[in-house]
Amino acid sequence: VQLQASGGGLVQAGGSLRLSCTVSGRTFSSTTLGWFRQAPGKEREFVAAIGSTGGTYYLDSVKGRFTISRDNAKTTVYLQMNSLKPEDTAVYYCAAKSGGIVSRARNYDYWGQGTQVTVSS
C-alpha cells in the first residue's frame with residue numbers, strides 16, 4: 001500500500017491550500033483515511049478523518065475551516081484548508097486504515113511521506 005501526499009506550500013495567514021493524497025494497493029472504497037500533522041518539537045496530531053461511507057471527524061480547532069473529502073474513482077483523499085493560521089504550520093501526513101474512524105495515530109496502518117504547510121503571519 002502506498003500513499004502519496006501533495007499540495008503543501010507557503011501561504012499567508014487567512015489563505016487556503018488543498019492537500020491531496022493518492023492511495024494505491026488496497027481497496028480504496030472500504031478504507032478509512034485520515035490527515036495528521038506534526039509541528040517541530042510537537043507530537044503528531046490528528047486533524048481529520050473520513051470513513052468509507054463518508055462520515056467525517058475533525059480536530060476541534062479546525063472545524064469550520066478544514067474539510068476532508070474523498071473521491072473513490074480517483075482513490076484520492078483531500079484536505080481543503082481555509083482561513084489558515086500560523087499555528088496550522090506543520091508537516092501534514094495522510095494515513096489509511098481498515099474499519100471505522102479513530103483519531104489515534106497508532107491505529108492507522110499505512111502512512112504517506114508528509115507535505116509541508118507553512119503559514120506566515
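Predicted model: local features only at pLDDT ≥ 70, side-chain atom pairs only at ≥ 80, totals over all residues.
Figure 1. Residues are numbered from 1 along each chain as its sequence is written, and side-chain values use heavy atoms, with hydrogens and water left out.

**Figure 2. The pair of Phe-36 and Tyr-108.** The structure holds five aromatic pairs (rings of Phe, Tyr and Trp, the last by its six-membered ring, with centres within 6.5 Å; planes under 30 degrees apart are stacked, over 60 edge-to-face, the rest tilted). One of them is edge-to-face and joins Phe-36 to Tyr-108, with 5.1 Å between the centres and 80 degrees between the planes. Phe-36 belongs to strand β4 (residues 32–38), whereas Tyr-108 is in the loop between β9 (90–97) and β10 (110–111), so the two are 72 residues apart. Strands are DSSP runs of E with at least two residues, and helices are runs of H or I with at least four, numbered from the N terminus. Phe-36 counts as buried, at 1% relative accessibility, and Tyr-108 does too, at 4%.

**Figure 3. The pair of Phe-36 and Trp-111.** The planes of these two rings stand at 55 degrees with centres 5.0 Å apart, so the pair is tilted. Because Phe-36 lies in strand β4 and Trp-111 in strand β10, the pair ties together parts that are 75 residues apart in sequence. Phe-36, Phe-46, Tyr-57, Tyr-108 and Trp-111 form one aromatic cluster.

**Figure 4. Arginine charges over aromatic rings.** The charged end of Arg-44 sits over the ring of Tyr-93, 3.8 Å from its centre (NZ of Lys or CZ of Arg within 6 Å of the ring centre and within 35 degrees of the ring normal). Arg-70 places its charged end over the ring of Phe-28, at 4.8 Å from the ring centre.

**Figure 5. The chain around these sites.** The chain has eleven strands and zero helices. Of its 121 residues, 42% count as buried. Among contacts with a separation of 6 or more, 57% come from residues 24 or more positions apart (contact means heavy atoms within 4.5 Å). The C-alpha atoms fill a box of roughly 40 × 30 × 25 Å along the principal axes.

Terms used:
Buried < 20%, exposed > 50% of the residue type's maximum accessible area, 1.4 Å probe, protein only.
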